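Here are my notes on the model, as numbered points. Have the structure open while you read.

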Amino acid sequence: MPELPEVETTIRELNKNRAFKVLNARFIDVWTDSPKLIKKPKSFKFFKEKIKNKKIKKIWRKGKNIVFTLSDNFYLLIHQKLSGHLLAGKWTREDSQWRPKNPKYLKDRVNTYIHLMFFLNNGGMIALSDLRKFAKVELLKRPEIEKELSAIGIDPLEKGFTFSKFQEALKNKKGEIKKVLMNQQTIAGIGNIYSDEILWEAKINPLRKACNLSKKELKTLYLATKTILKKAIKTKGSSVVDYRRISGEKGGFEKILKVYRKEGQKCPRCGAIIKKTKIGGRTAHYCPNCQK
DNA sequence: TGCAGTGTTGCTTC
DNA sequence: CGAAGCAACACTGC
């Protein structure tokens with residue numbers, strides 16, 4: 001689910017959460033019914049011991065990775081993968097024993113899949129809801145997180161994401177442009193939904209080879225990438241299936257999707273019928289008429 | 001009823 | 001080497 005705009009929305013909302021302050025709070029307890037979500041350290045017991053009393057100093061992201069900078073040079077890394085999303089709420093003493101059968105914080109059924117909860121010393125609770133349990137949670141030291149994040153390409157929201165950087169990243173890439181856009185080592189944060197939407201915006205066919213795009217087309221694509229991602233952040237992301245804001249509310253971007261999951265419908269720009277195909281094992285949606 | 005499909009990633013296989 | 005397939009998991013929709 002969550003691509004760059006959803007992850008950006010999550011960290012922005014965590015940073016300015018009103019119900020309780022997430023920044024500067026300390027972890028006092030962790031609960032899970034799926035210890036396999038915690039990849040490092042492998043033992044949940046060890047993870048729980050290590051994170052206890054650590055203070056949240058910063059919340060940021062690179063691509064789709066959420067990072068909590070903690071005290072003592074520790075970092076909490078969360079990748080939500082397909083169906084994960086973070087939720088935040090208040091908790092009471094009894095809740096630390098709470099098995100979330102009865103989702104009392106949560107308004108709709110998607111949010112019943114809570115598998116991990118962090119309890120903070122100021123009454124705050126951060127939960128990971130994840131239907132498919134693919135999410136990755138890691139507690140790392142500085143060299144480890146640097147190593148992990150350095151393998152990821154440039155984030156389109158970074159200041160350094162200039163046209164020449166974009167051009168450089170796409171140069172010599174032989175694969176289809178949609179596949180290249182989704183490759184996290186090339187550019188970080190774009191997944192299936194936004195690659196479809198960006199390519200529609202840029203009027204570029206997803207099947208085109210990246211290395212065959214003209215400079216003019218690359219420029220259009222670069223601008224469309226920024227436009228679409230910013231617009232999606234403004235509307236708090238897309239809740240096509242189960243992404244939620246930390247309050248449990250849905251995002252608003254899925255209401256204005258142009259092609260993603262719209263096969264058989266009319267292209268909002270030219271009226272031709274939107275097609276669905278497979279690219280690199282993923283579904284792609286595009287307008288065969290106006291995406292050249 | 002059963003099985004293909006689902007926003008991701010990384011590992012295995014050819 | 002790169003590309004393709006599949007596994008991790010649980011549910012929906014045809």
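1. What volume does the largest cavity have? It comes to about 40 Å³. A cavity here is a set of points on a 1 Å grid over the protein atoms alone where a 1.4 Å probe fits but cannot get out, and its volume is the space filled by probe spheres set on the points.

2. Keep in mind that this is a predicted model, where local features need pLDDT of at least 70 and side-chain atom pairs count only at pLDDT 80 or more, while totals for chains, interfaces and linings use all residues. Residues are numbered from 1 along each chain, and side-chain values use heavy atoms, without hydrogens and water.

3. Back to the largest cavity: its lining (residues with an atom within 4 Å of a point) is Glu197, Ile228, Lys231, Phe253, Ile256 and Lys258. That splits into three nonpolar, no polar and three charged.

4. Now look at helix α7 (residues 215-234), whose axis comes within 10 Å of that of helix α4 (residues 163-170), crossing at roughly 115°. The two are therefore roughly perpendicular (65 to 115 degrees). On the α4 side, the contact (heavy atoms within 4.5 Å) uses Phe163, Phe166, Gln167 and Leu170; α7 brings residues including Leu218, Leu221 and Tyr222.

5. Helix α1 (residues 4-15) also meets α7: the axes come within 9 Å and cross at roughly 40°. Leu4, Pro5, Glu8, Thr9 and Arg12 of α1 touch Leu229, Ala232 and Ile233 of α7. By class, that is five nonpolar, one polar and two charged residues.

Note on methods
Chains lettered and ligands numbered in written order. Axes fitted to C-alpha atoms, helices over the stretch in contact; angles between N-to-C directions. Helix = DSSP H or I, 4+ residues; strand = E, 2+ residues; numbered from the N terminus. Parallel < 35°, antiparallel > 145°, perpendicular 65-115°, else oblique. 1 Å grid on protein atoms, 1.4 Å probe; cavity = no way out; pocket = protein on both sides within 12 Å on 5 of 7 lines; lining within 4 Å. Nonpolar A, V, L, I, M, F, W, Y, C, P; charged D, E, K, R; others polar.
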